Amino acid sequence: MVATELLRLSVTPFPKFCHGQSQRFLFDHVDHNAQLSKRRRFLLLRRQRVLPNLSISSSLQTKPELQDSRIEPRERPKDSPILLDVSGMMCGACVTRVKSVLSSDDRVESAVVNMLTETAAVKLRPEAVESDTPTNLADSLARRLTDCGFESKRRVSGMGVAGNVKKWREMVERKEQMLVNSRNRVLFAWTLVALCCGSHGSHILHSFGIHLAHGSFFDVLHNSYVKGGLAAGALLGPGRDLLFDGLVAFKKGSPNMNSLVGFGSIAAFLISAVSLLNPGLQWDASFFDEPVMLLGFVLLGRSLEERARIRASSDMNELLSLVSTQSRLVVTSSDNSTRADTVLGSDAICAEVPTDDVRVGDALLVLPGETIPVDGKVVAGRSVVDESMLTGESLPVYKEEGLKVSAGTINWDGPLRIEASSTGSNSTISRIVSMVEDAQGREAPVQRLADAIAGPFVYSIMTISAATFAFWYYIGARIFPDVLLNDIAGPDGDPLLLSLKLAVDVLVVSCPCALGLATPTAILVGTSLGAKQGLIIRGGDVLERLASINYIALDKTGTLTEGKPTVSAVASFSHEEWEILQMAAAVEKTAHHPIAKAIIAKAESLDLSIPETRGQITEPGFGTLAEVEGRLVAVGSLDWVHERFHRRTALIDIQNLEAAVVNRSSKEMLESNYSKTLVFVGREGEGIIGAIAISDCLRHDAGSTVSSLQQKGITAVLLSGDREEAVATVARNVGIGSEHINAALTPQQKSEVISTLQAAGHCVAMVGDGINDAPSLALADVGIALQNEAQENAASDAASIILLGNKLSQVEDAVELAQATMAKVYQNLSWAVAYNVVAVPIAAGVLLPQYDFAMTPSLSGGLMALSSIFVVTNSLLLQLHRSPNAR
């Protein structure tokens, strides 16, 4: 009944309602070390100095903490690149010109330009940032690009959800309007083509014995002056923008494809005009057909290319459709007596507000069929949620009170009331859109080859065109006199006419666009497709490196295992088991590692009271130290805990303790399905006093994923800080050989293993999920992070690929996608280079002496358009790629 009533709910009549009493949480920063005794403070500081990479936190004054620390605004790093929106780029030469203008500025350290997304990412020199603000520098660079013919403006950051969605939609609308205008120009141009070529049509009909094309209308079409008027109409009508852009670009020193087409069209028109106005030359005035047909083919190709490029961006548009700009805010009375599990109480007010205005802790209502606007936790209601666009998982996920939901997912069945935990641009879907956008602005190293060719390409073609004219006019017609019998030389075999037409052919047939589009289109489709599969790939450079990896390093806990450990056994020398758990839970209660959560969960299940702690010290990968009830307690690995205290437990006693806890754990869990980790507990004045066995189930896809990677020729290496026996067991179960096992490693030692592999010439990927994996993820050629429960951490910050589905099999998906994308890149580049290598010599007349074959400018224009269309269409075929686990 409630669901039925909610479905009838209309929020539109409600005015915007400002919620001004959202709960705030304050964290008091207290120097607890000052409260310690002088001796203990000295001891703590001394230990702190000898432990690298320590973080100190306090749990004395801990209030109920926020569920997601991502809500804290992050300051913009000084070394982060500035973004410019650049319009007017038409081909690879334009991209090279923009990059050259930016790189030539003394304030710029490096620049990356993407034609498809119309974006330039500029990294500034440190001294430039210190002397002026990034905003002023960005505006200055934008003005410089605008002066060079590329209208540019600084991209405004921090616009929020609505601003980002509006920006993208405006871009899409602008491109769609360009497509409409392009289609109108094509219709106009081909109408002129039909009129201009009407005389040719009558000749074809006559050759078949059909004498229909007679009369005053067709006589008019045969008139050379009429053809000249049609050609002028084509140049000043549908071809005006193209010619104007090409001439302006050439004037400003950055000629592009439009410059080549413009020069070819104008040259063809001028030749025909000279022929018409000076009959004594006896040239063929029908050459007026050529500029009309040339512009018709070029504009048709440009229209098809624009349509394909917009389609290549469709995946990004699909992601943007998941961003909800409006939310239903639920406000209830502070003395509300309605049951907590009621979705919407009788005294509640529901108001529609912009998603950017939602704050952490606000309650929101999501009806069936609606998109969840923010990350949060379900506080009332039951439903199933479609998370396929975030995780790639096609089956809906059941949600009820206490479970987390992510922005961008779709509520299917019942109404839900959720409590916001991360809002606006910090939400999951907003971060995905932002990261995909950034990724599409990062070029693959192979793009540098295309840029190196495309840069001087236009000048090279113009030089070849001039050389073609000079050769055939001064040398070729004399060496090969038979070429003057070809139709291209006119009825009287004029060498000047022959030379001019071949020079125009060279200008028109070349295609810098194919070179410029070869890499960006494939990267655009690949990164967008990855986002749909739950793979956030941070750029084309990442795809290129991932496609060539031959070693992959895997963490154990949380990577090969589920990352949901449980306490399976506790053993101690003289203390009760509950005492060991109580002390361990006290030390670990502010930690976020899965093992810490397992210990706390076990203590809570036994209803143990957790004591207060002081001066907590955490060393990632080793353990945690804190003062509990006046004495220092350490929880972590054996060696680390053993070295924390002056009093050391005898080695034989430790071995007996280890054997006892392993034996108890083995009775609870099957050895083949679980990974067992031992955590030791030590206390000041006693040394090691107990051990806790933590069992974690292997991921169901761990073995199959390792096997699939090995079949691709990728060697799997296991890196873990756990004891050797536990690591060996996991390696054996997933199929990793003993020679590739590395156990009891510190985070620094993990990094050293990766450095050693790289020094041997291997391309290494690292897969991890925790803060202790962050150094290795950052060092590896490709860092891959599994993201647990949509939470961002140091691992996902350091990684170049994030697996939102939290499935190890997505590693295989990412590798196959990278290989498929790079295959398209190399296919496109091969085609672009091969086309120009073959087409330009043929256009220059290399086949004319022996085979009596020469192109016409209209045929050259058609081939040039088809070349660009092939590259974009070939990239679009990547959308047919399916992940191995979805087949």
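Tutor: Two strands count as paired if DSSP finds at least two bridges between them. Please keep in mind that the model before us is predicted.

Student: In what order do the three strands of the open sheet with S10 stand?

Tutor: The order is S11-S10-S13, and the pairing is antiparallel. Strand S11 (397-399) and strand S13 (410-411) each have a single partner strand, so one side of each is left without a neighbour in the sheet.

Student: How many bridges join strand S10 to S11?

Tutor: Strand S10 (residues 383-386) is joined to S11 by three bridges, and the two run antiparallel. Within this pair, Val384 has Tyr398 of S11 opposite it.

Student: Which strands stand at the edges of the sheet with four strands?

Tutor: That open sheet has the order S3-S4-S2-S5, again with antiparallel pairing. Its edge strands are strand S3 (108-114) and strand S5 (152-154), each of which pairs on one side only. On average, neighbouring strands of this sheet are turned by 25° against each other, direction ignored.

Student: Over how many bridges do S2 and S4 pair?

Tutor: Strand S2 (residues 82-86) pairs with strand S4 (residues 119-124) over four bridges, in the antiparallel sense. Here Asp85 is found opposite Thr119 in S4.

Student: Which strands does helix H3 lie across?

Tutor: Helix H3 (residues 92-103) lies across S2, S3 and S4, and its direction is at about 160° to S3.

Student: At what angle do helices H22 and H23 pack?

Tutor: Such an angle may be read with a cut-off in mind: values over 145 degrees count as roughly antiparallel, and 65 to 115 as roughly perpendicular. Helix H22 (residues 577-588) and helix H23 (residues 594-605) pack at about 130°, with their axes 9 Å apart. That angle makes H22 oblique to H23. The crossing of the two helices is left-handed.

Student: Which residues in H22 meet which residues in H23?

Tutor: From H22 come Leu581, Ala584, Ala585 and Glu588; they meet Ala596, Ile599, Ile600, Lys602 and Ala603 in H23.

Student: Which residues does the UniProt annotation "transmembrane region" cover?

Tutor: According to the unreviewed UniProt entry, the annotation covers residues 457-475, 829-848 and 860-878. Over residues 457-475, the chain is 100% helix and 0% strand, with the end C-alpha atoms 26 Å apart. Over residues 829-848, the chain is 80% helix and 0% strand, and the end C-alpha atoms lie 28 Å apart.

How values were computed
Residues numbered from 1 in each chain as written. Predicted model: local features only at pLDDT ≥ 70, side-chain atom pairs only at ≥ 80, totals over all residues. Heavy atoms only, no water. Axes fitted to C-alpha atoms, helices over the stretch in contact; angles between N-to-C directions. Parallel < 35°, antiparallel > 145°, perpendicular 65-115°, else oblique. Left-handed = near helix turned anticlockwise from the far one by under 90°. Contact = heavy atoms within 4.5 Å. UniProt positions renumbered as here; feature names shortened; annotations may be inferred.
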